[in-house]
Amino acid sequence: MEKKKSEFREWIKAIVIAVLLAGGIRYFIFAPIIVDGLSMMPTLHDHDRMIVNKLSYKIGTPHRFDIIVFHAEEGRDYIKRVIGLPGDHIEYKNDTLYINGKPYKEPYLDEYKKKVVDGPLTEPFTLEEITGRKTVPKNCLFVMGDNRRFSKDSRHIGFIPMDKVVGKASIVYWPLSDAGIVK
């Protein structure tokens with residue numbers, strides 16, 4: 001009888017430790033997210049399920065073109081691509097991104113650019129025209145969705161403070177047809 005009680009206690013202990021460990025990993029390190037909407041097409045699809053690495057920016061800084069998740073003002077989390085880092089001057093002209101006067105290629109947009117026949121995928125703008133600032137402020141990011149015509153991003157909601165960033169999203173795990181590392 002005593003052996004059964006001891007074995008039962010060990011099982012309970014193991015289950016409690018496993019639940020605490022899983023909860024800690026989910027809360028502090030990784031979290032699942034479901035893409036809601038078409039703003040990141042063709043890179044991400046509506047209802048793709050991804051893993052967000054919450055530690056990615058606790059120990060480092062975002063890199064240009066990372067896909068991040070951040071808390072938006074509406075109480076929702078958004079997923080967008082980092083275009084501008086602190087101190088950057090951003091401009092679009094002739095469907096080309098210019099950062100600090102230098103043109104940048106955006107290969108993740110090539111598929112959509114080929115399909116557009118009625119104008120540019122990304123309407124021309126300068127950072128100053130849409131935000132009133134010449135450069136991205138300190139501790140902020142300028143983000144955009146890949147589906148430029150249908151994305152609510154920094155062109156509409158402004159700069160994203162670094163403390164609102166949840167983490168980097170780079171792994172799609174469902175559906176299996178989309179599974180893999182996102183670039």
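View 1. Strand E6 (residues 96-99) is joined to strand E7 by three bridges, and the two run antiparallel; strands, marked E and at least two residues long, and helices, marked H or I and at least four residues long, are DSSP runs numbered from the N terminus. Two strands are taken to pair if DSSP finds at least two bridges between them. Across this pairing, Leu97 stands opposite Tyr104 in E7. The open sheet has four strands in the order E7-E6-E5-E8, with antiparallel pairing. Strand E7 (102-104) and strand E8 (125-126) stand at the edges, and because each has a single partner strand, one side of each is left without a neighbour in the sheet. The model is predicted, so that local features need pLDDT of at least 70 and side-chain atom pairs count only at pLDDT 80 or more, while totals for chains, interfaces and linings use all residues. Residues are numbered from 1 along each chain as its sequence is written, and side-chain values use heavy atoms, with hydrogens and water left out.

**View 2. The salt bridge between Asp146 and Arg81.** The side chains of Asp146 and Arg81 meet in a salt bridge (2.8 Å, N to O), a term that means a side-chain nitrogen of Lys or Arg within 4 Å of a carboxyl oxygen of Asp or Glu. The pair links distant parts of the chain, 65 residues apart, with Asp146 in the loop between strand E9 (140-144) and helix H4 (154-157) and Arg81 in strand E4 (residues 77-84). Both Asp146 and Arg81 are buried, where buried means under 20% relative accessible area, exposed over 50%, and partly exposed in between (1.4 Å probe, protein chains only).

View 3. Glu106 and Arg148 meet through their side chains in a salt bridge (3.0 Å, N to O). Glu106 lies in the loop between E7 and helix H2 (110-115) and Arg148 in the loop between E9 and H4, so the pair ties together parts that are 42 residues apart in sequence. Glu106 is buried, and so is Arg148. Asp118 forms a salt bridge with Arg149, the closest N and O atoms being 2.8 Å apart. Asp118 lies in the loop between H2 and E8, and Arg149 in the loop between E9 and H4, so this pair ties together parts that are 31 residues apart in sequence. Asp118 is exposed, with a relative accessible area of 59%, whereas Arg149, at 33% relative accessibility, counts as partly exposed.
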